[in-house]
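Please report on this model for a reader who works with computed structures.

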Number of protein chains: 2
Amino acid sequence: MRPLTADALNPAVLNVQYAVRGELAIRAEELRAQLKEDNHGLLFDRVISSNIGNPQQKGLDQPPITFTRQVAALMEWPALAEIAPDAFPKDVIARAKELQEEIGSIGAYSHSQGVPFIRQNVAKFIEERDGYPCDPNHIFLTGGASAGVSLLISMLISEPNNSGVLIPIPQYPLYTATLAQFSGVPLPYHLDEAADWATSVHDIEAAIEKAHREGVTAKSLVIINPGNPTGALLDENTQIELVKLCEKYSLVLLADEVYQINLHKPTTHPFTSFKKIVSQIQSPVPLVSFHSISKGVSGECGRRGGYFECTNFPVDILALIYKMVSVGLCPPLSGQIGVDSMVRPPQPGDDSYELWKKETDEIHAALAHRTGTMSQRLNALPGVSCVDSPGALYLYPQIRLSDKAIEAAREARKEPDAFYALQLLHDTGICVVPGSGFGQKEGEWHYRLTCLCPGVDEYVGQLEAFHAKFVEKYGAAN
Amino acid sequence: MRPLTADALNPAVLNVQYAVRGELAIRAEELRAQLKEDNHGLLFDRVISSNIGNPQQKGLDQPPITFTRQVAALMEWPALAEIAPDAFPKDVIARAKELQEEIGSIGAYSHSQGVPFIRQNVAKFIEERDGYPCDPNHIFLTGGASAGVSLLISMLISEPNNSGVLIPIPQYPLYTATLAQFSGVPLPYHLDEAADWATSVHDIEAAIEKAHREGVTAKSLVIINPGNPTGALLDENTQIELVKLCEKYSLVLLADEVYQINLHKPTTHPFTSFKKIVSQIQSPVPLVSFHSISKGVSGECGRRGGYFECTNFPVDILALIYKMVSVGLCPPLSGQIGVDSMVRPPQPGDDSYELWKKETDEIHAALAHRTGTMSQRLNALPGVSCVDSPGALYLYPQIRLSDKAIEAAREARKEPDAFYALQLLHDTGICVVPGSGFGQKEGEWHYRLTCLCPGVDEYVGQLEAFHAKFVEKYGAAN
């Protein structure tokens, strides 16, 4: 028989790139394994995976919200409520009982769109957030936001290599990866680093017109708000203009809003959902808003839970989405109950409220503090500039490199930012993602790092020491 | 703006069909909602979803394995081991502690291929099952078997509308749905109902040759063993011939083995994995074997857990698979720990062993008993013939219908088997899937029902009474 070779596979698969778990992350896993050896010979004793927003990973150990986990434990083994009733607060037992009555066993498949009761709770959460009605039948629970994004993009690519999707640069590489998989055309628009990564409606319109001139049909606009990797927040006026742009060009608006409560400066940089804007101006724009339990304060990445809400979608298209999700049977129940805990946290007066408040306040405060400290100190390094991010979990510093460094990267057959990041990993055990994975202007270099770390002073100290050593070796930037 | 319409979407999406959650299941959900009304006016007081192998669903309530759920509860809230130590058997506490040390928090993303420690345990399980080595790096943990099947098929379709995949008829409609989504060509081969749904190597070869004559390239052979919906088990000689056929035509063998322990007559109808056959005859055939925690005795559908093992796959293709799964980040941790419990059940001498043995013995015995009773009594009905299934969770009776019934179906614009199934649903609340969803020979009609039900006598009694009424109304078959 002929052996199986890559050229016998779907060529689109070969084009998929996903840097967040790419070369750097794979190398980091190898180093992590090497650390278990007796004489590992490495310069560090732990790997910190700052390549991915994974708050509960070993070494970071952001504690889970106790309420969420207590409810989940009772859902796993309901008999516990009788066997060890004193182990749980009263509101937890009541909540688990209510969920059990609605769901039955979490070992059963649910409705493919998600447990109806949980979708009702999501709808109430959205109504309270925005002040506009929300229909539970327009909500699809998912195994994390990524699953929903991938499904929607696959449905919108009506003609391979011709259907275009507007994506921000820098972007979260899920978008380019999914477009590559389904042979959609990425239509990049640049965010303005000099204006704190602002979104320009004018630049997006230029990208649409350019695509049309090239015979590519723009089908959809992706907005990530708060931004990833930028952390930027849109103001409402820009959001209104973006919706009107979607009206003008008949675009489906895909709003990645998974960081909606990760706000470090909520007074000056608040979050407004696109659902609210679309409702407020009574726009007919088809909108999909994605949310997740992996980020926010819950950080429950491993549960794989999230949802998307469709607005202005006709019922026949909702039925098509239902059909597509039904082939995958249902989202994980552990993720679904995680969504329920996210949208129905304990309220003042509940037994669990004080602890929940303390835990979530601490997570918000720690993230804001680390983000501020890290951006300030990175900004102070020679050749580095870093926008102080008001939201999300990341920073995206720009690094200017010397000709000598760029030459050395070329010799190592690496992009200069990957070259920098690999040396950082080997020197410190800190794994970041090179900017080439997110996109940047020609001749610019960045990296993305999460603002999650065990002790921010020691962590930034390592980044500073490494940068000094790098500059010493390769010289200062031009 | 132009409104969003279905013709602006990916046309492949429109072609996807998935009958297991199709018209009948949607109608069943509507009836279930109607039952909650005070004067519902229905002829039954509960809907039984026999359309889907979902053992723990409300109304069936197959109990979960206590060991699995106790471990999972401790993983959700590890503090329970200190707060309520007496609530758990010692081996459960030890197991959870071991998993926590390896995994950390189940709220964190794991390795995209699955937790390395759990993959090692899967490899040991496979080695003990087959007696041949297994490499943990060739195993991918998944969110249920479906996710893996969909990924592999999407990768194998190298040329839309030209790459073919051989699928059994009747088949589990995941295969046709996935092929439709990725524009692959289904190449049907018929199983022989008169020979207890046997697989004919000759018929498969004829299907390959026919495809080649039509310019379609056969890329892969799907085998479902034990069969779904047929429950048939392959003998080893047939398996060897199938592997040799794959060698001859350079096919990737996709072995859906999710029912491998659902054996009702293990002495006469044992299960042999394709991994064992391929290893035994040292075949170079690329093989993917799929397994799941949704079936078997665990029935943990809602956790979304499973794995696939790649044999004879070159490392560059394993790296491509890794890249693709990494875009989705990781399979749900609740499913991953469910896989661990499945492959490492309690052993004699462990505190949990007696209960685990009792629970699993009861599930096996009940399934065998129900399958035998149901097939025998269905077979005795006029116009119905039903192969007594030795494996899996289903029966696939053939129903012969009168001309009057077929005419009535035509008037109702339904396939005759869908017409029969809809009337069954409206009369009894029992939801089955028409054979047209799985495939059948022209002019034949079947339905699939699960062998899961609360009380088999009452349940079959309802099927019998309905059939009698149907025959009375429409006359006996020709």
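This is a predicted model: local features need pLDDT of at least 70, side-chain atom pairs count only at pLDDT 80 or more; totals for chains, interfaces and linings use all residues.

The sulfur of B:C451 has its closest cysteine sulfur in B:C386, 7.9 Å away, and that is too far for a bond. A disulfide here is a pair of cysteine sulfur atoms within 2.5 Å. B:C451 is buried, at 0% relative accessibility. Buried means under 20% relative accessible area, exposed means over 50%, and partly exposed lies in between, with a 1.4 Å probe and protein chains only.

Residues are numbered from 1 along each chain as its sequence is written, chains are lettered from A and ligands numbered from 1 in the order in which they are written, and side-chain values use heavy atoms, with hydrogens and water left out.

**Chain A as a whole**

Chain A has 17 helices and 14 strands. These elements are DSSP runs numbered from the N terminus: helices are H or I with at least four residues, strands are E with at least two. The radius of gyration of chain A is 23 Å, which agrees with the value near 23 Å for a compact globule of 478 residues. That radius is taken over C-alpha atoms, and the globule rule is 2.2 Å times the number of residues to the power 0.38. Along the principal axes, the C-alpha atoms of chain A fill a box of roughly 65 × 65 × 60 Å.

Of the 478 residues in chain A, 62% are buried. The chain exposes about 17,600 Å², and carbon and sulfur atoms supply 52% of that area. Accessible areas come from the Shrake-Rupley method with a 1.4 Å probe; for residues, only the protein chains shown count as cover.

How far apart are the mean positions of the positive and negative charges of chain A? They are 3 Å apart, for 40 positive and 56 negative charges. Lys and Arg count as positive, Asp and Glu as negative; His and the chain ends are not counted. Each charge is placed at NZ of Lys, CZ of Arg, CG of Asp or CD of Glu.

Take the contacts in chain A between residues at least 6 apart in sequence: 73% of them join residues at least 24 apart. A contact means heavy atoms within 4.5 Å.

B:F67 lies in helix α3 (residues 66-76) of chain B. B:F67 is buried, at 3% relative accessible area. Not counting residues up to four places away in sequence, B:F67 touches B:D91, B:V92, B:R95, B:S341, B:R344, B:P346 and B:S352. B:F67 and B:M342 are 275 residues apart in sequence, and their C-alpha atoms are 10.0 Å apart.

A:L99 belongs to helix α5 (residues 90-103) of chain A. A:L99 is buried, with a relative accessible area of 0%. Setting aside neighbours within four places in sequence, the contacts of A:L99 are A:V71, A:M75, A:G104, A:F117, A:I118, A:D340 and A:R344. A:L99 and A:R21 are 78 residues apart in sequence and 35 Å apart in space, C-alpha to C-alpha.

**Helix α8 of chain A**

Helix α8 (residues 174-181) of chain A is mostly covered, with six of its eight residues buried. Those buried residues are A:L174, A:Y175, A:A177, A:T178, A:L179 and A:A180.

**Backbone geometry in loops**

| Cis peptide bond | Omega |
|---|---|
| A:N228 and A:P229 | about 10 degrees |
| B:I169 and B:P170 | about 0 degrees |

A:P229 sits in the loop between β5 (217-224) and α10 (236-249) of chain A. B:P170 is in the loop between β2 (163-169) and α8 (174-181) of chain B.

A:W197 is not a glycine, yet has a positive phi of about 60 degrees. A:W197 lies in the loop between β4 (185-190) and α9 (201-213) of chain A. Is A:W197 buried or exposed? A:W197 counts as buried, at 5% relative accessibility.

A:Q282, also not a glycine, has a positive phi of about 50 degrees. The loop between α11 (274-280) and β7 (287-292) of chain A holds A:Q282. A:Q282 counts as exposed, at 72% relative accessibility.
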